[in-house]
Amino acid sequence: DTGRPSLVEKGDVVIPAALKALLEDGAVQKVGLAIGGDASRLRDQHGVDVQNVVDIGDLATEKCRRAPQEKEKKEKKKGKKGKKEKKGHRWSLESVVRTVLRVELDKTVGGVVNVRKEKWDVWPLERAVQTYAVNDAASAYDVHAFLTDPDVRAAAAVKMQAAAEAEAEVLRAEEAAAVRAEAESEAREAKARKAKKKKKRA
């Protein structure tokens, strides 16, 4: 056992038994953005019945009492032709992280701008692809923890307050420096005018 996912001759990925058991374990919560789609694909394509999934987008909408403002999508209605497209909005991972955690999620990894276009079906996965996946998973976990765990929110609030105070201190220092610079400039100009008048009298 090399610990790597095995492949059948047709190239279809075989889900390792341990991973399948974990995904189907209802006692273990799985969190992610639009995770329902991933669960459906695993069920339809690989026969894995993923249990206990939580969509952090839905959770963010509920807890933050607001709808996502980014990444508009068009949801086509099935049925008769001529039906108008129903437009809605959905969270991107960047927008939910920005809204909930108030930080920017960097989607570039190791200088690779669009990791989504890298080879995700080649084993072993490239380092940039692994890092990208880990960052996404960790971000989803952090968002879920922030929205559901009061202790995590309290700790984050302390950090945010400290960061805000530090930023305010920097701004105050910059403003004080600007005031001093302006005062010094005015003093120099006054001194120059005084010297000029004295020279004229002489």
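Which residue forms a salt bridge with Lys20, and how far apart are the closest N and O atoms? The legends below begin with this pair. The model is predicted, with local features requiring pLDDT of at least 70 and side-chain atom pairs pLDDT 80 or more, whereas totals for chains, interfaces and linings use all residues. Residues are numbered from 1 along each chain as its sequence is written, and side-chain values use heavy atoms, without hydrogens and water.

**View 1. Salt bridge between Lys20 and Glu24.** The partner of Lys20 is Glu24, with 3.0 Å between the closest N and O atoms. A salt bridge here is a side-chain nitrogen of Lys or Arg within 4 Å of a carboxyl oxygen of Asp or Glu; the structure holds five. Lys20 is partly exposed at 29% relative accessible area, and Glu24 is partly exposed at 28% (buried is under 20%, exposed over 50%, partly exposed in between; 1.4 Å probe, protein chains only).

View 2. Arg172 and Glu169 pair with an N to O distance of 2.7 Å. Helices are DSSP runs of H or I with at least four residues, and strands are E runs of at least two, numbered from the N terminus. Arg172 is partly exposed at 47%, as is Glu169 at 45%.

**View 3. Packing of α4 against α5.** The axes lie 10 Å apart at an angle of about 35°; they are lines fitted to C-alpha atoms over the stretch in contact, with angles from 0 to 180 degrees between N-to-C directions. The crossing is left-handed, that is, the near helix is turned anticlockwise from the far one by less than a right angle. The contact comprises eight nonpolar, one polar and two charged residues (nonpolar: Ala, Val, Leu, Ile, Met, Phe, Trp, Tyr, Cys and Pro; charged: Asp, Glu, Lys and Arg; polar: the others, Gly among them).

**View 4. Positive phi at Ala34 and Arg102.** Most residues other than glycine have a negative phi. Ala34, in the loop between β1 (30-32) and α2 (35-46), has a positive phi of about 55° and is partly exposed at 43%. Arg102 has a phi near 60°, lies in the loop between α4 (93-101) and α5 (127-148), and is exposed at 64%.
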